[in-house]
Protein chains: 2
Amino acid sequence: MARRTIKLTLAYDGTDFCGWQTQKQGERTVQGVLEQALSLIHGHTIKTNAAGRTDSGVHATAQVVHFHTDHETILGERFKDALNSYLPHDVRALQSEEVEESFHARFSARSRLYRYYLYFSPVGLPHFRRFCFRIRRQLNVNELNAAARTVVGVHDFTSFASAGDTSASKEREVYSSCFYPLGPFLVYEIRANAFLWKMVRSLTGTIIHLALHGGDPAGLRDILQARERSAAGPTAPARGLFLEGVCYE
Amino acid sequence: MARRTIKLTLAYDGTDFCGWQTQKQGERTVQGVLEQALSLIHGHTIKTNAAGRTDSGVHATAQVVHFHTDHETILGERFKDALNSYLPHDVRALQSEEVEESFHARFSARSRLYRYYLYFSPVGLPHFRRFCFRIRRQLNVNELNAAARTVVGVHDFTSFASAGDTSASKEREVYSSCFYPLGPFLVYEIRANAFLWKMVRSLTGTIIHLALHGGDPAGLRDILQARERSAAGPTAPARGLFLEGVCYE
């Protein structure tokens, strides 16, 4: 077989990873363990690209990755099984398939879906501690949603970008942004064409901060229009955040 | 204040514990970390008793424990907060209250409720790996329930007791036993006056084994009547099991 492009869907527990991207040597990253497994399968180095470069501690249930392979025998849909026998238990390949050569996990993506899991409790629950953020007292979902929906549309999200974000344009298009209960959790779900660095966590943290301190939900519009990170509230912790889907054409 | 009896409700992630009970020195147990925290609060050794002596890797969302205190100032309902500042993050005190001197977490308990969490997937999901047991292919819930309900009532559960169980009588009364879907999980829920050692896990393992291998669900009755551990199937892994409630008068 000639050179082929493989699209891979991954789930991972981000708790014990320094995020997706390999930056410093010796750090355990998802990209690092994935490329190590692929390199073992191929007998030479394989490089990967992901749709979302998730931060340290952020999880994924459906990260999308692509790589090029010159492997002679493994069919596209079998890379999943080959990888799962090499990957550690906190990363699993859920799906793999051969796609067109031009496919790029990051640049071909039309939108990303993130969910942030919250729960209300005066005491932290041991079984939730890796995967969600606890708020001590109940918040009003209607108020949270009044704030959340103000970011829908095309906006300059400078106020919610980390100082380290290097994007030329801070404009992103948010397709949906809402809170809803899901079992014992309250979920904040946001879909956009793309996100700035730490944008979901600073949006989540700011909306919660407003609600906790009795702020007017419409205040989020003023924060957005300020185009200054200092106008926004705190960044919600990484552990509640999941990359849950990437849409292509 | 004179000697008081305190009833405590605990949640814990059993993954990193060698079970409830302190047996060998150097083992990390829930009882060990709890008694260490209580001893720090009191300045002397405090002993505890639990309703269910959960095994290594088994979780609890509502374990009940009692201890006697001669502490001069801490009110019953404040032990919860005092403990949470000393306990590690995989154990939390959810509730505490002063109860009658005669209360005994184990001997006063009328029934215990356990839930076992299963999910069906060809691939293990990283976020579920500490807290549930994966079955590769979908099972029929009606068939599982046909087997599960045969254990309701008073029975000799020798077939489902671990060889190490030292109970004089192997008779227990099961009040309810059923499977039902819960979000992405299939839950096996069983309530009984008390349980033999590893009884829930060997029941769960045997019912699943029957279903996976096309056995007649009525076969569970024969296994029960055999009164021999060798008649039953495998023991389901600890990680799916949660002690979720203890009922008193």
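How does Lys198(B) count at 31% relative accessibility: buried, partly exposed or exposed? Lys198(B) counts as partly exposed, where buried means under 20% relative accessible area, exposed over 50%, and partly exposed in between (1.4 Å probe, protein chains only).

The views below show a predicted model, in which local features need pLDDT of at least 70, side-chain atom pairs count only at pLDDT 80 or more, and totals for chains, interfaces and linings use all residues. Residues are numbered from 1 along each chain as its sequence is written, chains are lettered from A and ligands numbered from 1 in the order in which they are written, and side-chain values use heavy atoms, with hydrogens and water left out.

**View 1. Positive phi at Lys198(B) and Arg227(A)**. Lys198(B) has a phi near 65 degrees, a positive value in a residue other than glycine. Lys198(B) is found in the loop between β9 and α4 of chain B; helices (H or I, at least four residues) and strands (E, at least two) are DSSP runs, numbered from the N terminus. In chain A, Arg227(A) is not a glycine either, and its phi is positive at about 50 degrees. The loop that holds Arg227(A) runs between α5 (219-226) and β10 (241-247) of chain A. Arg227(A) is exposed, with a relative accessible area of 51%.

**View 2. Helix α3 of chain B**. The buried residues of this helix (residues 141-148) are Leu144(B), Asn145(B), Ala147(B) and Ala148(B). Seen down the axis of α3(B), they fall within an arc of 160 degrees, so they line one face of the helix; the arc is that of the directions from the helix axis to the C-beta atoms. They pack against β8 (171-182), β9 (185-192), α4 (199-212) and α5 (219-226) of chain B. At the N-terminal end, Asn140(B) caps α3(B), with a side-chain oxygen 2.8 Å from the backbone nitrogen of Asn142(B).

**View 3. The contact between chain A and chain B**. Each chain is represented here: 23 residues come from chain A and 23 residues from chain B, contact meaning heavy atoms within 4.5 Å. The two chains bury about 1600 Å² between them, 68% of it on carbon and sulfur atoms. Buried area is the accessible area (1.4 Å probe) that two parts lose on being put together, summed over both. Across the interface, the rule finds two salt bridges, a salt bridge being a side-chain nitrogen of Lys or Arg within 4 Å of a carboxyl oxygen of Asp or Glu. On the side of chain A that touches chain B, β1 (4-12), β3 (59-69), α2 (79-84) and β4 (91-99) of chain A give two or more residues. The largest share, four residues, comes from β4(A).

**View 4. The salt bridge of Asp13(A) with Arg129(B)**. The closest N and O atoms of this pair are 2.9 Å apart. Arg129(B) lies in the loop between β5 (111-120) and β6 (133-135) of chain B and Asp13(A) in the loop between β1 and α1 (30-42) of chain A, so the pair joins two chains. Asp13(A) counts as buried at 1% relative accessibility, and Arg129(B) as partly exposed at 25%.

**View 5. The salt bridge of Asp165(B) with Lys170(B)**. The side chains meet at 3.1 Å, N to O. Asp165(B) is buried, and so is Lys170(B).

Definitions and conventions
Polar contact = N/O pair within 3.5 Å; in protein donor to acceptor, adjacent residues only side chain to side chain.
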